[in-house]
Amino acid sequence: MNRDVTEAQVRAVLPLDGSFAVFLGNEEKTFVIYVDEAVGAAISMFMRGVSKERPLTHDLMASVLMAFGAKVDRVIINHVEGTVFFARIIISAENQLHARKVIELDARPSDSLAIALQQSAPIFVAKHVWDSVEDVSATLEEIEKRSAEQASADSSLAAGEGVEDENVEEIDPDDLDLDGLQGIDLEDEGGDEDGHGKGYDDGYGRPDDDDDEGEEWKKGS
């Protein structure tokens, strides 16, 4: 593994119109990766430890790995081109038939982060990626501040304390300084009302299209 990396954590997940903003970083710096709704929701559930009645895709992936004596050793966000991020999943496997082996797989950052959280595996960012991304720590602080204020207001209302309406302010992504992060304008990217075509990262340099994303990636490689 290239040792020139920085360890990071998923610090927050914010639902947007048709996508999710995943805040990744540490106390020094935080940056954003935009992911599709399905994986964004999975990342959010893994972060909050939400129990599920039936296994989701990343739960299934983890179960398959475990069945073969394998586990996710670490995840690396190893490259960025414009607004598109790339990642590698490092898997270690050892069982009764085979000695320990390490396998490195190309993967979407969104899937990589989801399964890393599912397996409590460390997340690393290559230094050249870390140095190139915009620091959005101030935006995250604003989100956390508003979230805390909303939680306090909700708690007061539940206790029947009669909080004044003007003191209750819900978090609206449109009010936050998310426009322009990594060059993406969340309000006007030519996407439809479902958020398709907004330009967030699907890991293959294209807007979301889960039906044929693998084939498109192969064509562009």
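Biologist: Which residue in β7 is the bridge partner of valine 75?

Modeller: Strands of a sheet pair through backbone hydrogen bonds, either parallel or antiparallel. Here the partner of valine 75 is isoleucine 123 in β7, and β4 and strand β7 (residues 123–126) pair in the parallel sense over three bridges. Two strands pair if DSSP finds at least two bridges between them, while strands (E, at least two residues) and helices (H or I, at least four) are DSSP runs numbered from the N terminus. This is a predicted model, in which local features need pLDDT of at least 70 and side-chain atom pairs count only at pLDDT 80 or more, whereas totals for chains, interfaces and linings use all residues. Residues are numbered from 1 along each chain as its sequence is written, and side-chain values use heavy atoms, with hydrogens and water left out.

Biologist: In what order do the seven strands form the open sheet?

Modeller: The order is β3-β2-β1-β7-β4-β5-β6, with mixed pairing. The edge strands, β3 (30–36) and β6 (101–107), each pair on one side only.

Biologist: Which strands does α3 touch where it packs on the sheet?

Modeller: Taking contact as heavy atoms within 4.5 Å, α3 touches β1 (5–15), β2 (19–25), β3, β4, β5, β6 and β7. Eight of the ten residues of α3 are buried, among them Leu113 and Ile115; buried means under 20% relative accessible area, exposed over 50% and partly exposed in between, with a 1.4 Å probe and protein chains only.

Biologist: How many aromatic pairs does the structure hold, and how is such a pair read?

Modeller: A pair of aromatic rings is described by the distance of the centres and the angle of the planes. The structure holds two such pairs, where rings of Phe, Tyr and Trp (its six-membered ring) pair if their centres lie within 6.5 Å, and planes under 30 degrees apart count as stacked, over 60 as edge-to-face and the rest as tilted. Phenylalanine 31 and phenylalanine 85 are stacked, because their ring centres are 5.6 Å apart and their planes lie at 20 degrees. Phenylalanine 31 is in strand β3 and phenylalanine 85 in strand β5, so this pair ties together parts that are 54 residues apart in sequence. Phenylalanine 31 also forms an edge-to-face pair with tryptophan 130, at 6.2 Å centre to centre and 85 degrees between the planes. That pair links strand β3 with helix α4 (residues 127–132), where tryptophan 130 lies, 99 residues apart from phenylalanine 31.

Biologist: Is tryptophan 130 buried or exposed?

Modeller: Tryptophan 130 counts as buried, at 4% relative accessibility, and phenylalanine 31 is buried with a relative accessible area of 0%.

Methods: Axes are lines fitted to C-alpha atoms, for helices over the stretch in contact, and angles run from 0 to 180 degrees between N-to-C directions.
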